[in-house]
Amino acid sequence: MRLLALAVSVSAVALAAACGANGQDEARPGDPVETRPANGANQQPAFAGQTRAPGVRTEVVMAHTVVASGLVEPWGLALLPDGRWLVTERPGRLRIITAQGAVGEPITGLPAVDPRGQGGLLDVVVGPGFSEDRMIYWSYAEPREGGNATAVARGRLSDDGARVEDVQAIFRAIPTYDGTLHYGSSLAFAPDGKLFITLGERSDAPMRPQAQDLGSHMGKTIRINADGSVPSDNPFVGRAGALPEIWSLGHRNMQGIAIAADGRVWTVEHGTRGGDEVNLDRAGLNYGWPDVAYGVEYRGAAINAGITAREGIEQPAYYWDPVIAPGGMTIYDGAMFPGWRGNLLVAGLKEKHIARLVLEGNRVVGEERLMTDLGERVRDVAVAADGAVWAITDETNGKLVRLAAVN
């Protein structure tokens, strides 16, 4: 494993002069950061600020440091209590990386994954009781007879961090499907200890309608207890024909989730050509896919006649058109950038940045693009104990990167 520890070699003065203090293109205050024409050219947002929010700028000078490199398509990032990072690699490896960049050998004991297409080892989170039980949780494309589907397992991380023990699959999405796209799948624990799982609808045209089918896990947000059992207060418990694990429906391919201290659940999902969505994800609600969506099909045609609103369908809190191709997401709660507290930080794959979204209540009122000077696909984002922002890049030479204020 090649290790690279290289600070960005741009002075604060030069960086501010060339790109603004944060490596962004200069724009007039309040202008949206997105200036490209929308794909859904005739579509109108449902309310002011739902897309192309006013641009905002952090006045603190910051720079990124590449802490480690040589990772193969890293997907998930989770902070251990001692300051080390758990990082998944999509082909099926889980590693521990120190804050100084030492990359550990693959952790043994994980189940097999199906790494074709977008599949493989996906997200990882540390259990809420890790200090007592050392439990970690991960999602993956599980190979099955007749295809595959997203699954979630948990296990005890050994004291030396070399293996996971007592591994147990606690959730298996159904139905099985022989495809290679749209698995989701991001994980997050709520303050009450419930585990949320995001799932894609598997992309292919025959599978799309399952996002609206309560008898399928596809295109759903899932809520379970940490042991895999179903909370009795889930919205569809007891409804005939409905899977009780479902929290919400009508999603396309959610690869980010973040849960606020007050329990609000935020998810982010991929659109087609336009229509990446940030949703305030609430129990029992329908978020529309594939019947209602912004943007257009990849081939350019309208999605379901171009319908963007319908009674009984939730509107996204925010959407991008053109897309940024969002990855993971977190809510900033650190001390290094106090002006960011409560903001959403969204990893951008296609547009190669971190999107900072300023919230007022349940609405996005500002957007900033961070770490644009890295020039790589940002897959996941997290916050360390000191308030620095850490990210992984989705490349064959993937990197672990730290973004911090420059003193």
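The lining of the largest pocket consists of 27 nonpolar, 6 polar and 4 charged residues (nonpolar: Ala, Val, Leu, Ile, Met, Phe, Trp, Tyr, Cys and Pro; charged: Asp, Glu, Lys and Arg; polar: the others, Gly among them). The model is predicted: local features need pLDDT of at least 70 and side-chain atom pairs 80 or more, while totals for chains, interfaces and linings use all residues. Residues are numbered from 1 along each chain as its sequence is written, and side-chain values use heavy atoms, without hydrogens or water.

Of its 37 lining residues, Phe 189, Ile 259, Thr 330, Ile 331 and Asp 333 lie nearest the centre. Two or more lining residues come from each of β3 (74-79), β6 (121-126), β10 (187-189), β14 (254-259), β18 (326-331) and β22 (378-383); strands are DSSP E runs of at least two residues, numbered from the N terminus.

From β10 the reader may move to β11. These two strands pair (at least two DSSP bridges) in the antiparallel sense over 3 bridges, and Ala 188 stands opposite Phe 196 in β11. The hairpin of β10 and β11 has 5 residues between the strands, and Gly 193 takes a positive phi near 90° there.

Strand β11 (residues 195-198) is also joined to β12 (residues 221-224), by 4 bridges and again antiparallel. Here Phe 196 stands opposite Arg 223 in β12. Both faces of β11 are covered: Leu 195 and Ile 197 on one side, and Phe 196 and Thr 198 on the other, are all buried (under 20% relative accessible area, 1.4 Å probe, protein chains only).

Notes:
1 Å grid on protein atoms, 1.4 Å probe; cavity = no way out; pocket = protein on both sides within 12 Å on 5 of 7 lines; lining within 4 Å. Buried < 20%, exposed > 50% of the residue type's maximum accessible area, 1.4 Å probe, protein only.
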